[in-house]
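Visitor: I would like to learn how to read a model like this one. Where do we start?

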2 protein chains.
Amino acid sequence: MDADSLQPSFAEPPGRAFEVVLAWVDAQILSGDLAVGDQLPAERELARLLNVSRAAVREAVRTLQAQGVVRSSVGAGAAGGTTINALPSDALTRLLRLHVALANFPHEDVIEVRVALERLSVRLAAQNATPEQLDVSQKAIDVMADPDIEREAFNDADTAFHVALAAAAGNRLAMDTTAAIRESMRLPILDRFRHVHAWDDIVEDLRRDHEAIQAAVTRGDAEEAERLVETHIRSAWHALSYDVSAGGWLGGSER
Amino acid sequence: MDADSLQPSFAEPPGRAFEVVLAWVDAQILSGDLAVGDQLPAERELARLLNVSRAAVREAVRTLQAQGVVRSSVGAGAAGGTTINALPSDALTRLLRLHVALANFPHEDVIEVRVALERLSVRLAAQNATPEQLDVSQKAIDVMADPDIEREAFNDADTAFHVALAAAAGNRLAMDTTAAIRESMRLPILDRFRHVHAWDDIVEDLRRDHEAIQAAVTRGDAEEAERLVETHIRSAWHALSYDVSAGGWLGGSER
């Protein structure tokens, strides 16, 4: 391994032998020396190259498998027959979702990132969405229109609406990150849905917001869609948080 | 496990028994029923609850360990003594970086997401950066000012500059995602750096861009910093890509 193939962030001495192997595989992937479908060197070779035990190589390979970074061909032993995998989008969204749920980021920080990503998503959706994709977000709106809908079902349809617009952006990285952030906010938002006092008022505003966003995206007005989605995310969160924390509803002028 | 505790995306029948366990743990985390520091149920109990073998539970726990989602206390056996971990930022940035490197997203898609996140980062940095944080991005500028700098060293300092501004945003989720996206672009950008013909012209533009961004952030001009960083990312990528693909330099008017 030459020094050039190591990213600066991998240059610190790792704590354990198998981490040496992980850092090496990461660096090879990021430098382009290992691409999807390429095989890892055989266990014995990798152990010698990196000056670690074969057990350390095996542990690293198991970890990489669990992370979805490599897969082992059936019948092939140890590191031999281990090929680099194309990480499925699901793996990333899942980790991002868990990360946001566990990392205890301040909700306000998540909102800022969400606004940035959803502005991008609706702008691209306004430019690229197909009628079929717009049907998906419209269906979520129709579900939310039910006057008897439970709060949890409303939240699920609300999530589905935002994820559908992200999917219509025609940019898979934008979609993966937007969907992960929205889904990671499912619980905090549901919490507020459950405890909010002025549910009927708030839910009416949410319905109006969603319809206006859908209309702007449908007529291809990217600028208006961006403005609407930012206002929607910020004002909904503000209304829900204020109402829950103060135990009383301020009225329309505060939104 | 009640149906409500499962997110819609986890509701499909998983392919293998250990995936049932993974889906259950994910759902508990996302519903807030398992938080950082909480213990997983004991192996035997979890196997009975989910109607899977104890071996499946063990495999799931190993996978969750590899993903950093749980850690096992030393001396405790199997799933007993397994606690939910706060995923370190590094774990997310690493996965996101690998994901972008392996997923073969079109570079243009990555650029769009990068622009959205870096606009957010410099806006927040213009509002929140401390003098110490601005020193870090300034140091990267100083490194890039060396007229004899190698292209790879320039690229590393360029990455460091953007990551430093993201770190100055005072929003860790914004920083984690911005840094991961920029680092995932290190190789494609380095590739272009290496093959570009009009290196001297381009590098001068990059230096000027970085200094203007740094100045806008330092004087707290969020709007100008956002505009500059977007123009910088788009024009640098365009100049590098055009020059490399066409094998000739169009001149300043095309940028």
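Guide: Start with burial. A residue is buried if 20 or more other C-beta atoms lie within 10 Å of its own, exposed if 12 or fewer, and partly exposed in between. Keep in mind that this is a predicted model.

Visitor: Is α1(B) mostly covered or mostly open?

Guide: Mostly covered. Ten of the 14 residues of α1(B) are buried. Among them are F18(B), V20(B), V21(B), L22(B) and W24(B). D26(B) is on that list too.

Visitor: What covers the buried residues of α1(B)?

Guide: Both chains take part. From chain A, the cover includes α4 (89-103) and α9 (186-195). From chain B, it includes α2 (43-50), α3 and β2 (82-84).

Visitor: Which residues have the most contacts inside the largest nonpolar core?

Guide: The general idea comes before the case. In soluble globular proteins, nonpolar side chains tend to be buried together. Here the largest nonpolar core has 156 residues, and V21(A) and V21(B) have the most contacts inside it. Leaving out residues up to four places away in sequence, V21(B) touches L46(B), L50(B), V52(B), A56(B), V57(B) and A60(B).

Visitor: How many residues does each chain give to the contact between them?

Guide: Chain B gives 46 residues and chain A gives 47. On chain B, the elements that give two or more residues are α1 (17-30), α3 (54-66), α4 (89-103), α5 (107-128), α7 (151-167), α8 (172-184) and α9 (186-195). The largest share, eleven residues, comes from α4(B). By class, that side of chain B has 26 nonpolar, eight polar and twelve charged residues.

Visitor: Now the fold. How many helices and strands does chain A have?

Guide: Eleven helices and two strands. Along the sequence, the pattern of chain A is α-α-α-β-β-α-α-α-α-α-α-α-α. Buried residues make up 45% of its 255 residues. Of the contacts in chain A with a separation of 6 or more, 67% join residues 24 or more positions apart.

Visitor: What should I note about the phi of N51(A)?

Guide: N51(A) is not a glycine, yet its phi is positive, about 60°. N51(A) is in the loop between α2 (43-50) and α3 (54-66) of chain A. Phi of N51(B) is also positive, near 60°.

Visitor: Why does N51(A) count as exposed?

Guide: Count neighbours. N51(A) counts as exposed because it has 9 C-beta neighbours inside 10 Å. By contrast, W199(A) has 16 other C-beta atoms within 10 Å, so it is partly exposed. W199(A) is found in helix α10 (residues 199-218) of chain A.

Terms used. Residues are numbered from 1 along each chain as its sequence is written. Chains are lettered from A and ligands numbered from 1 in the order in which they are written. This is a predicted model: local features need pLDDT of at least 70, side-chain atom pairs count only at pLDDT 80 or more; totals for chains, interfaces and linings use all residues. Two residues are in contact if their C-beta atoms, placed from the backbone, lie within 7 Å. Helices (H or I, at least four residues) and strands (E, at least two) are DSSP runs, numbered from the N terminus. Ala, Val, Leu, Ile, Met, Phe, Trp, Tyr, Cys and Pro count as nonpolar, Asp, Glu, Lys and Arg as charged, and the others, Gly among them, as polar. A nonpolar core is a set of buried Ala, Val, Leu, Ile, Met, Phe, Trp, Tyr and Cys residues joined through C-beta atoms within 7 Å.
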